[in-house]
Amino acid sequence: MRGTRRKQEGRWAWRLTGFVTVCVYIFMFAPIVATVVLSFNASMFGGFPMTGFSLQWYSKLMTNEAVLAAFRTSLWIALVTAAVTTAIGVVTAFALVRFEFPGKQALSTLVILPALVPETILGVGLLVLIKAIDQPRTMLLLVLGHILLAVPYVVLITQARMVGIRRVYEEAALSLGASRLSSFREITLPLLIPAVVGGALLAFTISFDNTSASLFWRPAGVETMPTQILSMLKISISPEINALGTVMILVTVGIPLLGGLILQSLTRLKRRGEPKEEMK
Amino acid sequence: MPDSQNLTEAPRPETAGVAKAGAARPAPVGAEANSPAVEFRNIDIAYGKFVAVRDFSLSIRKGSFVTLLGPSGCGKTTILRSIAGLVDISGGQIMIGGQRVDDVPIYRRNIGLVFQSYALFPHKTVFDNVAFGLKYRNVPKPEIKRRVGKALEMVRLPGSEKKLPSQLSGGQQQRIALARAIVFEPQVLLLDEPLSALDANMREEMRVEIKKIQKETGITAIFVTHDQEEALSMSDRIVVMNAGSAEQIGTPEEVYERPATAFVADFLGKANMLAGTVSVSGQGTATMVLATGQTINVACPRPLAQASNVTVVVRPQKLSVGAAASANRLSGRVVSASYLGGSAIYEVDIGGRTNIRANASISGRVLREGEVIDLGFDPEGCVLLDESGRRIS
């Protein structure tokens, strides 16, 4: 008898767990689903109920010069941020993992620090600094700020991979006659590639998504996608914003996914080049 | 994709520069032909306060196979890495082919290095791995192809060019690593415990293989191991290392038969050490009383002071058992017996602090635990050590 009761209890525990899990997922994804669904709504009010299917908000977006400009700005900033941050990340991780030098501990903490400090504080801080040395807010400042925000994550990713690359590979390359630079280029970097790609994608997403710090740093008259959405929201909740949000989701989720798929297929292609043989 | 580095492309400017610099270092010719392949002159190596190698000197003849043998932490790997330039020496000189290499960076030293963990580049094919050293020496493409093919034949893995290291077994990977290290005909081949990652069967096979390839190519090889069997079977000369310096340098027979110190006697083959005092010492022989009470006669190269403390070193194989034990009879009880087919190993308690090990061929039956056993050894079949643990000569 007790056995069946315990079984009953177990069943209820499972049901409860399942219920909570479903709730959490709804909470996480409902806003995203709502945004995407409503972007196809024919009604001119950005909410339920749906009155019909329409692509008019997307076509409206395509003709909205302000939105297109913001999209281009964000894309460029994100690309430059990804490129520069990845370069910095690889070099920093290499130095932190392969060399012993005084102040190494301090440096590795300092590099991570921007990820720990609240973004608003960083935003204000950089702004105050710029004011103090009497410099205008420029695009360069905005890009530098994004780099600052993304570097910690990229360093962490590349560092983790770097630790896994054993030093003997580099020693072997050196003993065979490759200079330090050649051994880095031919051995270390190729082995580091997954982290490089991953870091670049993450940096891109961090930059493309960033709102609060960008609000502080952007030059007058320049909007990034997130700040553009914010300023549009101030006027009204137009369904156009839903369409814009859907595009944002597509870019920030799609690009890392695409990158991952490309990486995977590249490694698979390499494997397929030579059938795996069982050998003694 | 950056990791599918194609070897058929022309060397890039900076790599070509390196290759030229490497090629500019001439192989020793003429007058230098008589100089040793590698020479250490009183080198010291220290990591901060820890001295890993102390006042180490060694001269290695061209074409010879020298083994650095010792327990872990004795400095043998450090010495090997110092030849490669992976470790900086803090004193003394290292010469390769008669030239000082103290300030020559590793990539210009022209040495072949084989690691314990193979260290094949995982993202490169077997061909690209083996061709790596040739590429940096400005060897033309058809020549690279020919020499890689030849090297792969030498390690008995022809046709494996297109495979990736992950598709090879441990033994095969180590063969490729060997091919990669010898294909550009380095002045010295350095082997850092290349067999210890392999399983027992493979290890024995590779031992023979490495030795064969070394003989065929006539390359000077320096081999690091903690395995005495490997050292004894492969080497022309063995350097027994302990705590950062050489205890003994000699042929395998010399270090085994005539250990210079107690450490060498113990490390190579776990010799029996019998403590005793000299009672009578004459021309060529000495009579001594062991701490366990027995009186024995031993060959002795010089007269010894009466009552001086001496240790007699006897190999387990030099002890005969039972009726064959004629000279220097020691009686005791069998503590344990291991039957090995052709022979048996007995641990015998003769009353001392440590048991005596005897490895004797079996005549009659194998004695069991607790039985009385007679051991004996020839007066010539032992080595005497003085109080400080050095061989009396």
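Let's start with L190(B), which touches L80(B), I83(B), A84(B), I111(B), G112(B), L113(B), V114(B) and I222(B), leaving aside residues up to four places away in sequence. Touching here means that the C-beta atoms, placed from the backbone, lie within 7 Å. Keep in mind that this is a predicted model, where local features need pLDDT of at least 70, side-chain atom pairs count only at pLDDT 80 or more, and totals for chains, interfaces and linings use all residues. Residues are numbered from 1 along each chain as its sequence is written, while chains are lettered from A and ligands numbered from 1 in the order in which they are written.

Now zoom out. L190(B) and I222(B) have the most contacts inside the largest nonpolar core, which has 149 residues. Such a core is a set of buried Ala, Val, Leu, Ile, Met, Phe, Trp, Tyr and Cys residues joined through C-beta atoms within 7 Å; buried means 20 or more other C-beta atoms within 10 Å of a residue's own. Helix α8 of chain A (residues 180–209) gives the most to this core, with 12 residues. Helices are DSSP runs of H or I with at least four residues, and strands are E runs of at least two, numbered from the N terminus.

Next, look at the sheet in chain B: five strands in the order β13-β12-β11-β14-β20, open and with antiparallel pairing. Strands pair if DSSP finds at least two bridges between them. Because β13 (295–299) and β20 (383–385) of chain B each have a single partner strand, they stand at the edges, with one side left without a neighbour in the sheet. Further in, β11 (residues 272–281) and β14 (residues 309–314) of chain B pair in the antiparallel sense over six bridges.

How values were computed. Buried ≥ 20, exposed ≤ 12 C-beta atoms within 10 Å, placed from the backbone. Contact = placed C-beta atoms within 7 Å.
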